[in-house]
Amino acid sequence: MAGVTTQRAKLIGRNQASIQDPVWVRWLLIAISIGFVGLFLALPLLTVFLEAFQDGWRAYLRSFNDPAAWKAIKLTLLAAGISLPLNLVFGLAASWAIAKFEFRGKSLLITLIDLPFAVSPVISGLIYVLIFGLQGWLGPWLAGYDIKIIFAVPGIVLATVFVTFPFVAREIIPLMQEQGDDEEQAALSLGASGWQTFWRVTLPNVKWAVLYGVILCNARAMGEFGAVSVVSGHIRGKTTTVPLHVEILYNEYEVVAAFSMASILAVLGVLTLAAKTFLEGKVQQAYRETLEPSAAEA
Amino acid sequence: MNSSAPRFARWRFRQHSVLPGFGLTLGYTVLYLSLIVLIPLSALFLRTATMPWDKFWHAISEPRVMASYRLTFGTSLIGAVVNVVFGFCVAWSLVRYRFPGRRLLDSLVDLPFALPTAVSGIALTAIYAKNGWIGQYLAQVGIKSAFSPLGVTIAMTFIGLPFVVRTLQPAIEELDGESEEAAASLGATRWQTFWRVTMPSLLPALLTGFALAFARAVGEYGSVVFISGNMPLKTEITSLLIITKLEQYDYAGATAIAVVMLLASFLILLAINGLQWWVGAAGRKGV
């Protein structure tokens, strides 16, 4: 074994030049990468703040002196506040069923959970219009009871729940599958109840994956545009979330106000990226600990 | 695991387990999935099923709709190709090289996932408009970027980059270098090694990343509508056309186009799955 390793090390040493890229190739590729990401990704992000502050920070703050803006912020928080817990509970239930038990049709179920990712934003909104809209299946019946879902807050919440549906589940399922059910069986045989096992054993094991899923779910819930745009009806100050309010301001040539609102979402995006980078490490560590328990102490 | 069970055991829905909560959690999962996803999605197909065929065909093939397909699929395709080329450079640099700012670059790649599409839409428009940072120089040489198919392509490129990079990164990490060493020790130049050894093993990941970026761009709405200008027959993407039809209360027309788009994205995903199965099969054969 050791002989093989030294032999391989020798081989690497001998052929280093032909395996490694020449220095000029290396720097060319790095320059292209930085240039492309800078031009296509970093520049738009920077633009949001430059446009928001183009008339100084007083003008920036004045943009928030608008009741409709605060209504939009509240509605965005409401939509995220409802879809987060719903999809979190679903994610935990689905991963428990999928990871801890063997049953027929499991892979079909996993595929179906991912389905909302394959549906484009506009179509995600459209399906609810087809059900709850005035020309929809339930529309006339709901109108009889004076219940409005489309062009009202419930429609926005529903569309948000749909587009953020898989986020939490798809982060927890693979990790829980990897971890198996040995620890749960041990807890149960020591006399713990099912709930105790879940709260004290299962949940702590997947906590970083849960948080990771929640962060991604939240970013999408607060930033969703296409799906909520279809069901919102754009009633200013009533059925506009922050992204929709940005659109209204932009179309009214209120550039500073539009970019000021957009800057809140951009800050949220940057925070999400930072949290994502941090949590990715934690989740990967959880996977490694599953593979070799001794790594937990290392 | 279940090999000790009698071979003639009856068909079972699930294998026995001492863990509780199967009925509760699976029941809730299926109920919630049906209410939020399956029933609403089936509404789309049932709506179309009640449409007469000629009406459906007319709705999905009138000139304005055809023009929107050409624009949407054409620009998505160009965007995905651009992303494959530059996404490869980014992924290769991130995995193989160490340089200052590498971590920052790595995090930035996910920006299109984290930045709401409406925000990237207005930011891209501001950059490429006639008086924008880049738009003004392009205008000087007679290139119209915002409010033209070029602008749509730029937005489609923006939205697709992370798919290519994130699919390629693990594939490049998995290259163990041994085949590259072997090729080099047999006298291949670095260039030959790259094209004959490295590229073929990265091809599946490249194709998957390409297909994911393409699928995402085809359905994209928020980052495109601001920069496209939305002129019917010229710069109108299919997603926007669906919304326009809805606003004119043409539910049947909107639904018909939506079904076409949904089937298109299912086909792309099916192709990706087939691709991954093929790669997996090739890998098993190799072993």
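Predicted model: local features only at pLDDT ≥ 70, side-chain atom pairs only at ≥ 80, totals over all residues.
**Entry 1. Helices H4 and H8 of chain A**

I looked up how helix H4 (residues 67-100) of chain A meets helix H8 (residues 153-163) of chain A, and found a packing angle of about 45° with the axes 9 Å apart. H4(A) and H8(A) are therefore oblique to each other. I noted that their crossing is right-handed. On the H4(A) side, the contact is made by Leu75(A), Ala79(A), Ile82(A), Ser83(A), Leu86(A) and Asn87(A). H8(A) contributes Val153(A), Ile156(A), Val157(A), Thr160(A) and Val161(A) to the contact. I sorted the contact of H4(A) with H8(A) by class and recorded 8 nonpolar, 3 polar and no charged residues.

**Entry 2. The largest nonpolar core**

I next turned to the largest nonpolar core, which has 156 residues. Those touching the most other members are Leu126(A), Ile172(A), Val246(A) and Ala262(A) in chain A, and Val119(B), Ile122(B) and Ala258(B) in chain B. The element that gives the most to this core is H4(A), with 14 residues. I then followed Ile122(B): leaving out residues up to four places away in sequence, Ile122(B) touches Val246(A), Tyr250(A), Ala258(A), Ala262(A) and Phe226(B).

**Entry 3. Contact of chains A and B**

I recorded 77 residues from chain A and 75 residues from chain B in the contact. On the side of chain B that touches chain A, helix H1 (residues 22-49) of chain B gives the most, with 14 residues. By class, I found 51 nonpolar, 18 polar and 6 charged residues on that side of chain B.

**Entry 4. Gln196(A)**

I located Gln196(A) in helix H11 (residues 194-223) of chain A. Is Gln196(A) buried or exposed? Gln196(A) is exposed, because 12 other C-beta atoms lie within 10 Å and the exposed class takes in counts of 12 or fewer. I also noted that Gln196(A) lies 12 residues from Glu184(A) in sequence and 9.9 Å from Glu184(A) in space, C-alpha to C-alpha.

**Entry 5. Positive phi values**

I checked His234(A), a residue other than glycine, and found a positive phi near 55°. His234(A) sits in the loop between helix H12 (226-232) and helix H13 (242-251) of chain A. With 14 other C-beta atoms within 10 Å, His234(A) is partly exposed.

I then checked Tyr253(A), which is not a glycine and yet has a positive phi of about 60°. Tyr253(A) is placed in the loop between H13 and helix H14 (255-291) of chain A. I recorded Tyr253(A) as exposed, because it has 8 C-beta neighbours inside 10 Å.

Notes:
Residues numbered from 1 in each chain as written. Chains lettered and ligands numbered in written order. Axes fitted to C-alpha atoms, helices over the stretch in contact; angles between N-to-C directions. Helix = DSSP H or I, 4+ residues; strand = E, 2+ residues; numbered from the N terminus. Parallel < 35°, antiparallel > 145°, perpendicular 65-115°, else oblique. Left-handed = near helix turned anticlockwise from the far one by under 90°. Contact = placed C-beta atoms within 7 Å. Nonpolar A, V, L, I, M, F, W, Y, C, P; charged D, E, K, R; others polar. Core = buried A, V, L, I, M, F, W, Y, C linked by C-beta atoms within 7 Å. Buried ≥ 20, exposed ≤ 12 C-beta atoms within 10 Å, placed from the backbone.
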